[in-house]
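Here are my notes on the model below. Please read them with the structure open.

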Amino acid sequence: MMLYKEPAPIKDKENPFESMMSRFNIAAEVLGLDEEVYNVLKSPTRQVIVNVPVTMDDGKVRVFEGYRVIHSTILGPSKGGIRYAPDVFLDEVKALAAWMTWKCAVVDIPYGGAKGGIICDPFSMSAGEIERLTRAYTSALQDIFGPDRDIPAPDMGTGPREMAWLMDEYSKTKGSTEHAVVTGKPLVLGGSLGRVEATGRGVMVSAMAAMNKLGMDPAKSTAAIQGFGNVGAWAAKLMNDRGVKILGVSDISGAYWNDNGIDIDEAIEYKNAHNGRLEGYKGAELMDDPGDLLTAKVDVLIPAAVEDVITIHNVDKIQARLIVEGANGPTSYKADNIINEKGIMVVPDILANSGGVTVSYFEWVQNRMGFKWTLDRVNERAERIMNEAFERVYAASQKYNVPMRIAAYIVAIDKVAMTYKYRGGF
C-alpha cells in the first residue's frame with residue numbers, strides 16, 4: 001500500500017520563500033494590486049515556534065523545535081501539513097504556508113494556508129518516540145489547531161498514523177472526539193476514500209487537460225516521472241491507464257528507463273515489496289546519471305520529488321513539451337524565463353498538485369456531516385474541481401498573456417484580495 005506523503009520542498013540554494021515572493025510580485029503587478037492588500041498578503045498572519053520536550057526510549061529528555069505558520073485565514077480556516085525532517089527551517093515553512101493559500105484559492109475551496117514542521121529525523125526514531133513527539137507538539141499548539149481555526153494534514157515524514165495521534169491528543173484536550181481537526185487520517189478514524197491517491201490523481205487530471213490544449217494524443221505520448229513515491233507512482237499509474245507510455249521513473253535509488261515503456265503496475269508492486277524503493281528493479285535499465293531523466297526525450301515531464309530540480313543548469317536541455325509539477329517548487333525561479341522562451345507549457349505546483357488539499361477538504365466536509373462518500377463520488381468531484389481550476393488558470397493566461405504559473409498566482413491572489421475587500425479589510 002502506498003502511504004500518503006504530500007510533496008514539499010527541501011532546503012536548497014534558492015530560498016523557497018523568496019522564490020514564492022518573486023512570482024507573487026509579478027502576479028501582483030499584473031493585477032495592479034493595491035498597497036494595502038499587497039502588504040496583507042505578502043507576510044504570514046502568524047508564526048509560532050515551539051520547543052517540545054520528549055522522553056526518548058533511553059530515558060533521556062530531548063527538546064525538539066517545531067513550527068506552525070498561518071499564512072492567511074481570509075478565505076476560511078487555515079489548512080496545511082506537518083513535516084518531520086532534520087532540515088526543516090522557518091522560511092521553508094513560510095513558503096509552504098503561502099503555497100497552501102494559493103492552492104486553496106486556485107481550486108476555490110474555503111481554506112486559508114498554513115504549514116508546520118518539526119526538526120527531527122523520524123527514520124532514526126522509534127514509533128513510541130514519534131508518538132510522544134506528535135502528542136507533545138499537538139498539546140503545545142492546542143490553541144492554534146481546531147476544526148474551524150487551523151486544520152493540519154500529513155506532509156513529508158508523517159502519515160495517517162501521526163494524524164491519528166494528533167486527533168486523539170487534541171480530542172483529549174477538548175473532552176470530545178474531534179474528527180475534523182485533521183485530515184489524512186486512517187479510514188477507520190474518519191479518513192476519506194480516495195485521499196491516498198488524490199495528489200497523483202490531480203497531477204493526472206492537470207496533465208490530461210494541458211495535453212488537450214496542446215493537441216497531444218495521450219495514446220501517442222510519452223512521459224518521464226521524477227519521484228516514485230506516493231504522488232509520482234499514482235500519477236504514473238493513472239496516466240498510464242489513460243494511454244500515456246511511461247518511459248522513465250526515478251526514486252532515491254536511481255532513474256530507470258525502458259524505451260518500450262515501463263510496466264507501472266509491476267514497478268509499483270516491486271516498490272511496495274522492497275521498502276518503498278525501486279532498487280534492483282529489472283523491468284527497466286538503470287540510467288548512468290539520474291539527472292538525465294529530466295532532460296530525456298519525452299512529451300511530458302513530471303517532477304514529483306523535491307524542490308529545485310529544474311534549474312538554470314539543466315533547463316536548456318529539457319526536451320519535454322509539457323511540464324506538470326507534482327512536487328512543490330520543483331522549478332527554480334531563475335529557470336522560469338528560459339522555460340518560457342523555449343515555449344514549454346508548465347502546469348504549476350499550486351494547480352497541479354492541489355488534488356491533495358481538495359480531497360482533504362472533502363474529508364473535512366464528511367467529518368462535519370458525519371457521513372461518508374463513496375470512492376466514485378470523491379473522485380468525480382475531485383476531477384471536476386481540478387478541471388474547472390485548470391480552465392480558470394488557462395483563461396487567465398490567455399487574458400493577461402502570461403505563463404500558466406503566473407496565471408495561477410493571478411487567479412489565487414485575485415480571489416483572496418476580493419474576499420479581503422468584501423470582508424472589510426482592517
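**Notes on rings, a patch and a glycine**

1. Phe362 and Trp373 are both buried (under 20% relative accessible area; exposed is over 50%, partly exposed in between; 1.4 Å probe, protein chains only). The model is predicted: local features need pLDDT of at least 70, side-chain atom pairs count only at pLDDT 80 or more, and totals for chains, interfaces and linings use all residues. Residues are numbered from 1 along each chain as its sequence is written, and side-chain values use heavy atoms, with hydrogens and water left out.

2. Aromatic pairs come to eleven in number. The rule takes rings of Phe, Tyr and Trp (its six-membered ring) with centres within 6.5 Å; planes under 30 degrees apart are stacked, over 60 edge-to-face, the rest tilted. Tyr111 and Trp364 are edge-to-face because their planes stand at 65°, with ring centres 5.3 Å apart. This pair links distant parts of the chain, 253 residues apart: Tyr111 is in the loop between α3 (90-106) and β4 (112-119), Trp364 in helix α11 (residues 355-369). Helices (H or I, at least four residues) and strands (E, at least two) are DSSP runs, numbered from the N terminus. Both Tyr111 and Trp364 are buried.

3. Phe362 and Trp373 also form an aromatic pair, a tilted one: 5.3 Å centre to centre, 55° between the planes. Phe362 is in helix α11, and Trp373 is eleven residues away in the loop between α11 and α12 (375-400).

4. Which residues do ring pairs join into a cluster? They are Tyr111, Tyr361, Phe362, Trp364 and Trp373.

5. Gly191 is in the loop between α5 (160-174) and α6 (198-213). Its relative accessibility is 1%, so Gly191 counts as buried. Leaving out residues up to four places away in sequence, Gly191 touches Lys185, Pro186, Glu363 and Lys372 (contact: heavy atoms within 4.5 Å). Its C-alpha atom is separated by 37 Å from that of Thr311, 120 residues apart along the chain.

6. On the surface, Ile26, Val30 and Tyr333 make a nonpolar patch, together about 200 Å² of accessible area. Patch residues have over 30% relative accessible area and no salt bridge, and nonpolar side chains (Val, Leu, Ile, Met, Phe, Trp, Tyr) are joined within 5 Å. A salt bridge is a side-chain nitrogen of Lys or Arg within 4 Å of a carboxyl oxygen of Asp or Glu. Areas are Shrake-Rupley, 1.4 Å probe. Ile26 lies in helix α1 (residues 16-31). Ile26 counts as partly exposed because its relative accessibility is 34%.

Definitions and conventions: Patches are made of residues with over 30% relative accessible area and no salt bridge: like charges are joined within 9 Å, nonpolar side chains (Val, Leu, Ile, Met, Phe, Trp, Tyr) within 5 Å.
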